[in-house]
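Subject: A structure for you to look at

Hello,

Here is the structure I promised to pass on. Please open it alongside this note, and then read on for what turned up.

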Amino acid sequence: MARISDETRTRNEQAIRAAMDRLLRGDLPSGGKTDLKTLAAEAGVTRTGFYPKKNRDGTTRPGPYQHLAEEFERRLNALQDAGEIVDPRDGQIARLKADNADLRERLSRREARIAELTEFQTLSLSRLAAQHDEIRRLRQALEHPESITTLRVRARVDPNRPPR
């Protein structure tokens, strides 16, 4: 592959820096992200220039724009560390994750409440069935008065009243 001239390299570096500034301001193209692929496309250079190259003897040398890729990553990390969201999709992802966590929490609370109400319903139905059985038993007892024992009521003794 032919080497590029110093003039072309300077022009490409200026284009990359201009694209870098746009991307880091949040001015993303449709479908683009804050990454090297979008940076290369916006600057009009190939992405391979951002990565190290191998010499024929197996040693590596930096790519022509690798220092700009490292600068881009440093600046992006600095903005993210400062709490600034450069890529609107990252903000959307963070918001959706928070919404998802909130919905999972609400679902968990509702499931616990449903379990609590189901337990209450089971207990209530059990008590109603027991009360119904007791009412039926008492009604049957009324139908057969011979099975009913009359209890005598003892006279109440008033402790404040003297005995007779």
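At roughly what angle do the axes of helix α1 and helix α3 cross, and within what distance do they come? The axes of α1 (residues 6-25) and α3 (residues 66-81) cross at roughly 15° and come within 11 Å. That makes the two helices roughly parallel, a term for angles under 35 degrees. Axes here are lines fitted to C-alpha atoms, for helices over the stretch in contact, with angles from 0 to 180 degrees between N-to-C directions. Helices are DSSP runs (H or I, at least four residues), numbered from the N terminus.

Before going further, a word on the model: it is predicted, so local features need pLDDT of at least 70 and side-chain atom pairs count only at pLDDT 80 or more, while totals for chains, interfaces and linings use all residues. Residues are numbered from 1 along each chain as its sequence is written, and side-chain values use heavy atoms, leaving out hydrogens and water.

Back to the helix pair. On the α1 side, the residues that meet α3 include Ile 16, Met 20 and Leu 24; on the α3 side, Leu 68, Phe 72 and Leu 79 are among them. The residues of this contact (heavy atoms within 4.5 Å) divide into eight nonpolar, one polar and five charged. Nonpolar covers Ala, Val, Leu, Ile, Met, Phe, Trp, Tyr, Cys and Pro; charged covers Asp, Glu, Lys and Arg; the others, Gly among them, are polar.

Helix α2 (residues 36-43) has Leu 36, Thr 38, Leu 39, Ala 40 and Ala 43 as its buried residues, meaning under 20% relative accessible area with a 1.4 Å probe, protein chains only. They pack against α1 and α3. After α2 comes Gly 44, with a positive phi near 80°.

What about the largest nonpolar core? Of its 19 residues, Ile 16, Met 20, Leu 39, Phe 50 and Phe 72 touch the most other members. Such a core is a set of buried Ala, Val, Leu, Ile, Met, Phe, Trp, Tyr and Cys residues joined through side-chain atoms within 4.5 Å. α1, α2 and α3 each give two or more residues to this core. Leaving aside neighbours within four places in sequence, Ile 16 is in contact with Leu 39, Ala 43, Val 45, Phe 50, Tyr 65 and Leu 68.

Finally, have a look at Gln 66 in α3, which counts as buried because its relative accessibility is 17%.

Happy exploring!

Key: Angles under 35 degrees count as roughly parallel, over 145 as roughly antiparallel, 65 to 115 as roughly perpendicular and the rest as oblique. Buried means under 20% relative accessible area, exposed over 50%, partly exposed in between (1.4 Å probe, protein chains only).
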